[in-house]
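Subject: Structure handover

Hello,

Here is the structure for you to open. Please keep it on screen while you read the notes below.

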Amino acid sequence: MKTFLRRSAAILIGLGVMSAAHAAGKLNVLCSADLEWCQLMKARFEKESGVEVSMIRKSAGESFAQIQAQAKNPQVDVWWAGSGDAHLQAAFEKLTQPYQSPLQSQLQPWAQAFAKVAQNRSVGIYQGVLGIGYNVNELKQRNLPAPKCWKDLLNPAYKGEIQIANPNSSGTSYVALATLVQLFGEDKAFAYMRALNANISQYTDTGVAPGEAASRGESTVAIEFMHDLIKQKVAGFPIAVVPACEGTGFEIGGMSIIAGAKDLDEAKRFYDFALRADTQTAGVDAKAYQIPSNVQAKVPPQAPDVASIKLVNYDFAKYGSPQTRKHLLQRWTSEIYSHGN
């Protein structure tokens, strides 16, 4: 009888463990932030929720391509971070599903406006400003002037000294492309990029690669988001960071739940978790220097001072639309990339 009771208790305990594991659930996340921030989000959410998170880091362009390819059989529940243009394209193509978090009222007006454009198929989680970074030591050794404006980058002295990502794979670079079009008009922007092409040493796959190369002295100038360049500077590399004098664009980092998500309840839990002030404040622990979307979150002291920067009136609805995005990327590929550098 005692043996029977012990076995019954063991079975019940085993069932209880299985039930608890099932209750905790699992979640598949695509992360388009820096790997360190992705890992921090995974660790914090797993510890708090007990949910097992499978997370893959890909750039915004790569993430969008994966979500599009898997539309009939989604393998991802949540797409967190990455430039909002790609998130909006996914929203407009109904690859993501509507969800309005109870925390949405705590967000900055720009984050709520972004959600409205996306019809609540995405929401803003941070703001990042596009900038120009350069290696101070390399600039001095080559006796080059310090760039302050977009037009400065056309100086023939910078030939082979500049890196920027490919906008087909990088959300950062698509923001740069859309920024130039909004600043100068489409034809003049493409004329500018054709001239700039002569000074580009490489179109990288990811948006952060140009700043990393400049930090190591493998190139001199990088075009990417200021927070990524600031991360290199904080790490001790001789990087200076400036916003272009003519005006510059910005991203709203997005978060979206994938249409047909298999772990929807867990996806909503992660969504709410990611919008909380304490979660966003913790981003600085992963050396993330973006401006958080929750008004109660602490802005990292190293973050760009947006009030002192001339920003373009970025049209997210237009430049996040599939038609505009496809047109600009096709034109860039045929007129810029195909001509080499």
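C245 is partly exposed, because its relative accessible area is 40%, and the cut-off for buried is under 20%. Keep in mind that this is a predicted model.

C245 has a bonded partner. A disulfide joins C149 to C245, with 2.0 Å from S to S. The two cysteines sit in distant parts of the chain, 96 residues apart. C149 is in the loop between α6 and β6. C245 is in the loop between β9 (239-242) and β10 (250-258). Is C149 buried or exposed? C149 counts as buried, because its relative accessibility is 8%. The torsion about the S-S bond of this pair is about 120°, so the disulfide is right-handed.

How many disulfides does the structure hold? It holds two. The other bond to look at joins C31 to C38, again with an S to S distance of 2.0 Å. The link of C31 and C38 is left-handed, with -85° about the S-S bond. C31 is buried, because its relative accessible area is 0%. C38 counts as buried too, at 1% relative accessibility. Count the bonded cysteines along the chain and the pattern is 1-2, 3-4.

Now go back to the loop between α6 (136-141) and β6 (162-165). E161 lies there. E161 counts as buried, because its relative accessibility is 14%. Which residues does E161 touch, leaving out those up to four places away in sequence? They are R142, L144, N199, S219, T220 and V221.

Next, a pair of helices. Two packed helices are described by the angle between their axes and the distance between the axes. Take α7 (residues 171-184) and α14 (residues 322-335). They pack at an angle of about 95°, and their axes are 11 Å apart. That makes α7 roughly perpendicular to α14, because angles of 65 to 115 degrees count as roughly perpendicular.

Which residues make the contact? From α7 come Y174, L177 and V181. From α14 come T324, R325, L328, L329 and W332. By class, the contact of α7 with α14 has six nonpolar residues, one polar and one charged.

Then look for the contact of α7 with α14.

Best wishes

Notes: Residues numbered from 1 in each chain as written. Predicted model: local features only at pLDDT ≥ 70, side-chain atom pairs only at ≥ 80, totals over all residues. Heavy atoms only, no water. Helix = DSSP H or I, 4+ residues; strand = E, 2+ residues; numbered from the N terminus. Buried < 20%, exposed > 50% of the residue type's maximum accessible area, 1.4 Å probe, protein only. Contact = heavy atoms within 4.5 Å. Disulfide = S-S within 2.5 Å. Axes fitted to C-alpha atoms, helices over the stretch in contact; angles between N-to-C directions. Parallel < 35°, antiparallel > 145°, perpendicular 65-115°, else oblique. Nonpolar A, V, L, I, M, F, W, Y, C, P; charged D, E, K, R; others polar.
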